[in-house]
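We will go from one residue out to the whole chain.

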Amino acid sequence: MDWSRFAQQMAAMARDLLAQDSVAATLERITASATELVEGCDAAGILILHGTRVESLAPTDPFVTDSDALQQQMGEGPCFDAARSSQGDRVFRIADLTTEHQRWPAYAPRAAALGVGSMMGFLLFTDEEDLGALNLYLP
């Protein structure tokens with residue numbers, strides 16, 4: 001990895017985020033940057049939990065919203081779990097949805113049917129009631 005180039009990209013992204021005029025624009029820039037900076041990342045979104053209700057923010061592709069809704073319906077999934085994880089694991093990864101049956105047995109086959117091949121969920125922030133995760137989708 002070219003760390004100098006990565007540092008330059010991160011600095012440019014930070015400047016870009018500071019230049020946004022709203023929270024929605026900042027979140028859209030975060031998800032767009034994820035697809036630009038993470039090799040192989042086809043789509044990204046931010047999942048927010050309000051209790052057990054899921055809200056999809058700044059999806060870069062419609063299937064991100066579908067995946068979030070599926071996680072809410074099933075009550076499981078890497079992004080759902082990352083958002084709920086205020087302690088312990090803060091990153092959840094599925095390398096291949098067609099073989100993931102242990103951690104998310106209800107979600108994985110349905111997500112694969114949506115066209116999701118691999119994905120990661122990162123704890124994004126926590127406050128007193130709402131939890132969030134940045135979700136990256138790879139083929």
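This is a predicted model. Select T31 first, then show what surrounds it. Leaving aside neighbours within four places in sequence, T31 is in contact with A44, G45, I46, A58, T60 and L134.

Now colour the helix around it. T31 lies in helix α2, residues 23-37. Is T31 buried or exposed? T31 is buried: its relative accessible area is 1%, and the cut-off for buried is under 20%. The T31 side chain reaches the backbone oxygen of E28 at 3.1 Å.

Move to the largest nonpolar core. It has 22 residues. Select L97, Y107, V116, M119 and Y137, the residues with the most contacts inside this core. Then colour β1 (43-50), α3 (62-74), α4 (78-84), β3 (91-94), α5 (107-114) and β5 (130-138); each supplies at least two residues of the core. Helix α4 gives the most, with four residues.

Stop at V116. Beyond its neighbours within four places in sequence, V116 is in contact with F63, L97, A111 and Y137.

Another core lies apart from the largest one. This other core has ten residues, among them L27, A34, C41 and A44.

Zoom out. The protein chain has five helices and five strands. From the N terminus, they run α-α-β-β-α-α-β-α-β-β. Of the 139 residues, 39% count as buried. Among contacts with a separation of 6 or more, 53% join residues 24 or more positions apart.

Terms used:
Residues are numbered from 1 along each chain as its sequence is written. This is a predicted model: local features need pLDDT of at least 70, side-chain atom pairs count only at pLDDT 80 or more; totals for chains, interfaces and linings use all residues. Side-chain values use heavy atoms; hydrogens and water are left out. Buried means under 20% relative accessible area, exposed over 50%, partly exposed in between (1.4 Å probe, protein chains only). A polar contact is a pair of N or O atoms within 3.5 Å; within protein, one must be able to donate a hydrogen and the other to accept it, and residues adjacent in sequence count only if both atoms are side-chain atoms. Contact means heavy atoms within 4.5 Å. A nonpolar core is a set of buried Ala, Val, Leu, Ile, Met, Phe, Trp, Tyr and Cys residues joined through side-chain atoms within 4.5 Å.
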